[in-house]
There are 2 protein chains.
Amino acid sequence: MNLVVAVDIGGTQIRTAVYEPNDSTPLKLQRVESQALKPGVYERLVKTIEAVWPGREQVTAIGFSSPGPLDPHRGIILATPNIPEWKDFPVRAKLSEHFGVPVHIDNDANLAGLAEWKYGAGRGHHNVLYLTISTGIGGGVIIEDRLLQGYHGLAAEVGHTIIDPDGPLCGCGHRGHVESFSSGPAIARYVNEQLAAGVKSTLQADPNLSARQVADAALQGDALAIAAFARAGEYLGIGVANYLAILDPSIIIFGGGVSRAGDLLFKPFEESLRKNILHPRYLEDLVITRAALGDDAGLLGARALAELRTEGVKIPP
Amino acid sequence: MNLVVAVDIGGTQIRTAVYEPNDSTPLKLQRVESQALKPGVYERLVKTIEAVWPGREQVTAIGFSSPGPLDPHRGIILATPNIPEWKDFPVRAKLSEHFGVPVHIDNDANLAGLAEWKYGAGRGHHNVLYLTISTGIGGGVIIEDRLLQGYHGLAAEVGHTIIDPDGPLCGCGHRGHVESFSSGPAIARYVNEQLAAGVKSTLQADPNLSARQVADAALQGDALAIAAFARAGEYLGIGVANYLAILDPSIIIFGGGVSRAGDLLFKPFEESLRKNILHPRYLEDLVITRAALGDDAGLLGARALAELRTEGVKIPP
């Protein structure tokens, strides 16, 4: 059997699954809480893999998805804020030694992009730009059917390019990144700033304000809430115009909670993209769509990575 | 014989050459004036190829470099300002029909990048960012030993991403592009603006002022001229920090006349890059260097493209 074991670890859950080739339904699936702030994350991870493990002879590879930053070439988790126990953690070597099969790793955003390309909204496309917009902005890029990883494995950081050197402070400490304008917290922060400046709204100043609450107010007609999404969409359009000039994909796929705001965000986004794109030719036949895969995008991306990397070393029949 | 014929057409010259595999010296080389503003450019092009043509049986492919924008997938020159006669001009089909061999085309900046990767400063690297800084800013990107072209063939427009929505007007009509801050004309324009605002300098306001003249004044200690290059370098650092976050190359290669200004531009550039880079890891082992190939980069890039595309279809021995 040529089974692939997929692993997706996040701050909340560890998911593991076993897949047969050409079958999208897993043979087995396991979900447990990662309890990422408590010791023993790696041991819980191993147990959750063992819970689905079909035996070493059956498995060609393990695919592994984790929050970044990580080094996919060396198989090391560098320092992910979601799992404080893991610093320069050689997860590939450890899992590979334990289970006796090759392990391939990459970060969750890259692998969600890879999953959308192979199983989701991007099927049939060869050049894909995937962006996930939630508390941060991340992404994954497929170029001619290959995942863009980069020399250090740090490519496709689509939330962290500067589009205004005098822009707001980003969570990463830099100024004017796309994420500092268009992520969920950026939308909420803008509303709080405008409220503090005296702008009238049905919303109340609140350090815990969420983009979801702003979206609800916008749907009720609140002008400030609508303006907050319009601003996020406008700057997102500038960032994406830049990415098109560099990458020239045939499809843009949006995932993440904030993208559920729909037209509130995407109407101003598309208007901004049309205004800021270097040349209208980039938009010819360009598909702009929402992610098709749900919470299993990380698992499916880990599976896709393992299958892609295995193809290269398959022994011919 | 597996000869490749390389063609490089620009606003000034048409160059053609014939190369043997694994030999960097052409068997034959021809240069003529393109007289690009006069009718008959295509006929002059054909004659200049015929002047080196070794016979159809000897040639595996023609590689063709031209100013853009062009569509490398369909083999069409869309509308290059340097050759006004060519609008939606199907150069690949015409040359292929005339000479009876496959023709592969791409724009001069992409192919200069490809040439630097294969024969120049980027040899041995797999992920290359090439930028040429002169009257405009263009570039070429190599990802895992493949030229980044994009779905429409419009990728790697590294001069035309927005780094400040309120920035100067770019030659392309948009605002705040890297080119509008850091190209030769952008440097000269900044000096003229500062002179008009009353800043003292050894330079005189002059609509024909060149970046070369500004560089000469800077080398003589002129404070405004030094500041003009410092500003160009600072914004170039922002743009390149963005490209590293997306592409994560192992080498950046600078070509073009303005890059000959050396430290005047590159000291402030490197300082800005260090300040604006998302994370210092992008800079680990990163090579920043000058282009190694001179005026023949276009020819060598056309040759490299033809060889790369031919490898894919070679009949096994």
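This is a predicted model: local features need pLDDT of at least 70, side-chain atom pairs count only at pLDDT 80 or more; totals for chains, interfaces and linings use all residues.
The contact between the chains draws 36 residues from chain B and 36 residues from chain A. On the side of chain B that touches chain A, helix α7 (residues 223-247) of chain B supplies the largest share, 7 residues. By class, this side of chain B holds 20 nonpolar, 9 polar and 7 charged residues.

The largest nonpolar core contains 202 residues. Val214(A) and Val214(B) have the most contacts inside this core. Neighbours within four places in sequence set aside, Val214(B) contacts Ile187(B), Ala188(B), Val191(B), Leu203(B), Leu209(B), Ala225(B) and Ala228(B).

Val214(B) also takes part in a helix packing, that of α6(B) with α7(B). Helix α6 spans residues 211-219 of chain B. The α6(B) and α7(B) axes lie 7 Å apart, at an angle of about 120°. The two helices are therefore oblique to each other. Their crossing is left-handed. From α6(B), Val214(B), Ala217(B) and Ala218(B) take part. They meet Ala225(B), Ile226(B), Ala228(B) and Phe229(B) of α7(B). The contact of α6(B) with α7(B) comprises 7 nonpolar residues, with no polar and no charged ones.

Helix α7(B) packs with a further helix, α8 (residues 263-276) of chain B. Here the angle is about 40° and the axes are 7 Å apart. This angle makes α7(B) oblique to α8(B). The crossing of α7(B) and α8(B) is right-handed. By class, their contact has 14 nonpolar, 4 polar and 2 charged residues. Residues contributed by α7(B) include Ile226(B), Phe229(B), Gly233(B), Glu234(B), Leu236(B) and Val240(B). Among those on the α8(B) side are Leu264(B), Phe266(B), Lys267(B), Pro268(B), Ser272(B) and Asn276(B). Ile226(B) and Phe229(B) of α7(B) figure in the contact with α6(B) and in the contact with α8(B).

In chain A, Arg303(A) belongs to helix α9 (residues 297-311). Residues up to four places away in sequence not counted, Arg303(A) touches Val4(A), Ala6(A), Tyr19(A) and Gly63(A). Arg303(A) and Pro21(A) are 282 residues apart in sequence. In space, their C-alpha atoms are 9.9 Å apart.

Key
Residues are numbered from 1 along each chain as its sequence is written. Chains are lettered from A and ligands numbered from 1 in the order in which they are written. Two residues are in contact if their C-beta atoms, placed from the backbone, lie within 7 Å. Helices (H or I, at least four residues) and strands (E, at least two) are DSSP runs, numbered from the N terminus. Ala, Val, Leu, Ile, Met, Phe, Trp, Tyr, Cys and Pro count as nonpolar, Asp, Glu, Lys and Arg as charged, and the others, Gly among them, as polar. A nonpolar core is a set of buried Ala, Val, Leu, Ile, Met, Phe, Trp, Tyr and Cys residues joined through C-beta atoms within 7 Å. A residue is buried if 20 or more other C-beta atoms lie within 10 Å of its own, exposed if 12 or fewer, and partly exposed in between; C-beta atoms are placed from the backbone. Axes are lines fitted to C-alpha atoms, for helices over the stretch in contact, and angles run from 0 to 180 degrees between N-to-C directions. Angles under 35 degrees count as roughly parallel, over 145 as roughly antiparallel, 65 to 115 as roughly perpendicular and the rest as oblique. A crossing is left-handed if the near helix is turned anticlockwise from the far one by less than a right angle, and right-handed if clockwise.
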